[in-house]
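The sequence and the structure are shown first.

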Amino acid sequence: MRLLRLAAATCVLAVAACGTTGSLKSESPEAQRQIADYDQVVVLDLAANDLRPARDAVESAARAQNMAEGRIMFSDAIAEQLTKSGVFTTVSRTPIPGRSLVVTGTIDIWEPGNVATRVLVGFIGKSNFAATIEFRDSETNELLGTVKGDRNSWPLPIGASSNVVQTVEFFANEQARNVSSELIKAKGGKVPSK
């Protein structure tokens, strides 16, 4: 019986959030290997790219506001994680002189959902996050690689504690750590354990 409870708890934790954080992909192995040559990285604000149709002008305005806040927060989180990693000599949020790796891309979904509704009802008020992160050369604009990620809260039983932490900010920070880890690996560094 104890083993059954442990297995059930493991399943709940495993499906607490759906989606992927993604791994670094590129058109050619040479392009991906070039990332190791960069000492400087510039993290630009990701562009808003929410293509979902809105029900009305109010929903459209709310999504635009969420996206405006989210794209800055996510870009800041990526820069913070890269600074912590120490694999680049310079991490900047604005363009800098010299050759650098530019982190850019799009936020495709930034949906905060409703924490109170998730906790009380369990299956509505879902939070969603999706982004496509690109790595480009600052001088040539060559695309060296991409990381795609999408996460959303999972409907859990009413009052489940993980419903509270499954926020869009949580998913964005998780993806920012993943982006940093992928760049650390590309530069031949050791990814720190969580």
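## Overall architecture

Helices and strands are here DSSP runs, helices of at least four residues and strands of at least two, numbered from the N terminus. On that basis, the order of elements in the protein, starting at the N terminus, is α-β-α-β-β-α-β-β-α-β-β-α-α. The totals are six helices and seven strands. The model is a predicted one.

The protein has 194 residues, of which 39% count as buried. When contacts between residues at least 6 apart in sequence are considered, 73% of them join residues at least 24 apart.

## Helix 3

Helix 3 covers residues 57-85. Its 29 residues reach 42 Å from the first C-alpha to the last, close to the 42 Å expected at 1.5 Å a residue.

The buried residues of helix 3 are E59, R63, N66, M67, G70, F74, S75, A77, I78, A79, Q81 and L82. Their cover includes strand 2 (40-43), strand 3 (47-48), strand 4 (90-92), strand 5 (101-111), strand 6 and helix 6.

## Helix 6

Helix 6 covers residues 168-186. Just after helix 6, G188 adopts a positive phi of about 80 degrees.

## Packing of helix 3 against helix 6

Two packed helices are described by the angle between their axes and the distance between the axes. For helix 3 and helix 6, the axes come within 8 Å and cross at roughly 40 degrees. The two helices are therefore oblique to each other, and their crossing is right-handed.

On the side of helix 3, the contact is made by M73, F74, A77, I78, Q81, L82 and S85. Helix 6 contributes E169, A172, N173, Q175, A176, R177, V179, S180, L183 and I184. By residue class, this contact comprises 10 nonpolar, five polar and two charged residues.

R136 belongs to strand 6 and is buried, with a relative accessible area of 18%. Leaving aside neighbours within four places in sequence, R136 is in contact with S100, L101, V102, T104, N141, E142, L143 and L144. R136 and V41 are 95 residues apart along the chain, and their C-alpha atoms are separated by 9.8 Å.

N141, one of the contacts of R136, lies in the loop between strand 6 (128-137) and strand 7 (143-153). Although N141 is not a glycine, its phi is positive, at about 65 degrees. The residue N141 is partly exposed, with a relative accessible area of 48%.

## Q32 in helix 2

Helix 2 consists of residues 29-34 and contains Q32. The relative accessibility of Q32 is 27%, so this residue counts as partly exposed.

Beyond its neighbours within four places in sequence, Q32 is in contact with L24, K25, S26 and L144. L144 is also listed among the contacts of R136. Q32 and L183 are 151 residues apart in sequence, with 9.8 Å between their C-alpha atoms. L183 is itself one of the residues through which helix 6 makes contact with helix 3.

Technical notes:
Residues numbered from 1 in each chain as written. Predicted model: local features only at pLDDT ≥ 70, side-chain atom pairs only at ≥ 80, totals over all residues. Heavy atoms only, no water. Axes fitted to C-alpha atoms, helices over the stretch in contact; angles between N-to-C directions. Parallel < 35°, antiparallel > 145°, perpendicular 65-115°, else oblique. Left-handed = near helix turned anticlockwise from the far one by under 90°. Contact = heavy atoms within 4.5 Å. Nonpolar A, V, L, I, M, F, W, Y, C, P; charged D, E, K, R; others polar. Buried < 20%, exposed > 50% of the residue type's maximum accessible area, 1.4 Å probe, protein only. Expected span 1.5 Å × (residues − 1).
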